Amino acid sequence: MHFLYLILAYLVGSIPTGVWYSRFKHHIDVRELGSGNSGATNVGRNFGFKAALFVTLVDIFKGMLVVMLAKHLFPNEPYLIMGTAIAAVLGHAYPIYANFKGGKVVATSFGVAAGFSLPIAFFGALFLFLLIYLTSTISLSAMSSFTATALYIYFTQDDIYGYGFLLIAVFLMYRHRPNVHRLLQGTESRISFGLRNPKK
């Protein structure tokens with residue numbers, strides 16, 4: 001039962017929202033555009049703010065859903081709850097439905113954090129938006145805010161959750177390797193607060 005639930009969490013996390021949206025709505029795989037990523041940032045840069053918001057919300061929800069269900073079904077099994085969070089994040093990064101080429105796990109990471117503790121995730125998201133406003137750099141803001149969220153969990157929650165969310169934070173940074181390189185080179189893309197018009 002536990003193993004099957006972890007598989008379910010991976011399969012739900014694997015839902016490639018950006019890929020399916022771009023194929024259905026614009027008849028192209030978003031991974032063929034821009035950064036080649038399937039996440040909300042690349043979706044937004046190519047198809048507009050509403051598209052990015054839709055992809056973000058679905059990616060958050062899928063992570064939040066499986067962790068909330070795990071807490072309900074297995075309330076006294078923190079290892080399974082944390083394993084569920086990790087499985088969903090891995091599914092988003094390596095989706096079985098999209099040739100194992102997924103996103104950089106930001107929205108789904110915040111989603112599993114929301115499933116674990118909505119208040120913690122809420123303040124982590126506020127910090128994310130503040131950093132985006134101050135730096136206009138999504139990658140740096142995402143890595144910094146989720147690492148801060150994971151550190152808060154580490155210092156305030158049981159060890160399994162602390163270590164688990166720190167592991168997710170490290171994985172999130174691993175998925176942002178090209179961004180880290182560009183940040184160090186001073187060539188990372190910045191956003192304005194008016195995304196481009198959607199492509200036809």
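Which helix does K62 lie in? K62 sits in helix α4, residues 49-73. Before the close-ups, a word on what is shown: this is a predicted model, where local features need pLDDT of at least 70, side-chain atom pairs count only at pLDDT 80 or more, and totals for chains, interfaces and linings use all residues. Residues are numbered from 1 along each chain as its sequence is written, and side-chain values use heavy atoms, with hydrogens and water left out.

**View 1. K62, a buried lysine in α4.** Helices here are DSSP runs of H or I with at least four residues, numbered from the N terminus. K62 has a relative accessible area of 3%, so it counts as buried (under 20% is buried, over 50% exposed, and in between partly exposed, with a 1.4 Å probe and protein chains only). Its side chain makes a polar contact of 3.2 Å with the side chain of D59. A polar contact is a pair of N or O atoms within 3.5 Å, where, within protein, one must be able to donate a hydrogen and the other to accept it; residues adjacent in sequence count only if both atoms are side-chain atoms. Setting aside neighbours within four places in sequence, K62 is in contact with V12, G13, S14, I15, T17, H92 and T108 (contact means heavy atoms within 4.5 Å).

**View 2. Helix α1 against α4.** The axes of α1 (residues 2-13) and α4 come within 9 Å and cross at roughly 160°, so the two helices are roughly antiparallel. Axes are lines fitted to C-alpha atoms, for helices over the stretch in contact, and angles run from 0 to 180 degrees between N-to-C directions; under 35 degrees is roughly parallel, over 145 roughly antiparallel, 65 to 115 roughly perpendicular, and the rest oblique. On the α1 side look for Y5, A9, V12 and G13, which meet K62, V66, L69, A70 and L73 of α4. By class, that contact has seven nonpolar, one polar and one charged residues (Ala, Val, Leu, Ile, Met, Phe, Trp, Tyr, Cys and Pro are nonpolar; Asp, Glu, Lys and Arg are charged; the others, Gly among them, are polar).

**View 3. The α8 and α9 pair.** Helix α8 (residues 138-156) packs on helix α9 (residues 159-175) at about 170°, with axes 8 Å apart. That angle is why α8 runs roughly antiparallel to α9. The contact includes F146, L151 and Y154 of α8, and Y163, F165 and L172 of α9. Its residues divide into 15 nonpolar, two polar and no charged.

View 4. H27 is exposed, at 70% relative accessible area, whereas V105 is buried, at 1%.

**View 5. N179 in helix α10.** N179 lies in α10, residues 177-185, and is buried at 6% relative accessibility. Leaving out residues up to four places away in sequence, N179 touches K104, S139 and E188. The side chains of N179 and E188 are joined by a polar contact of 2.8 Å. N179 and L140 are 39 residues apart along the chain, with their C-alpha atoms separated by 8.1 Å.
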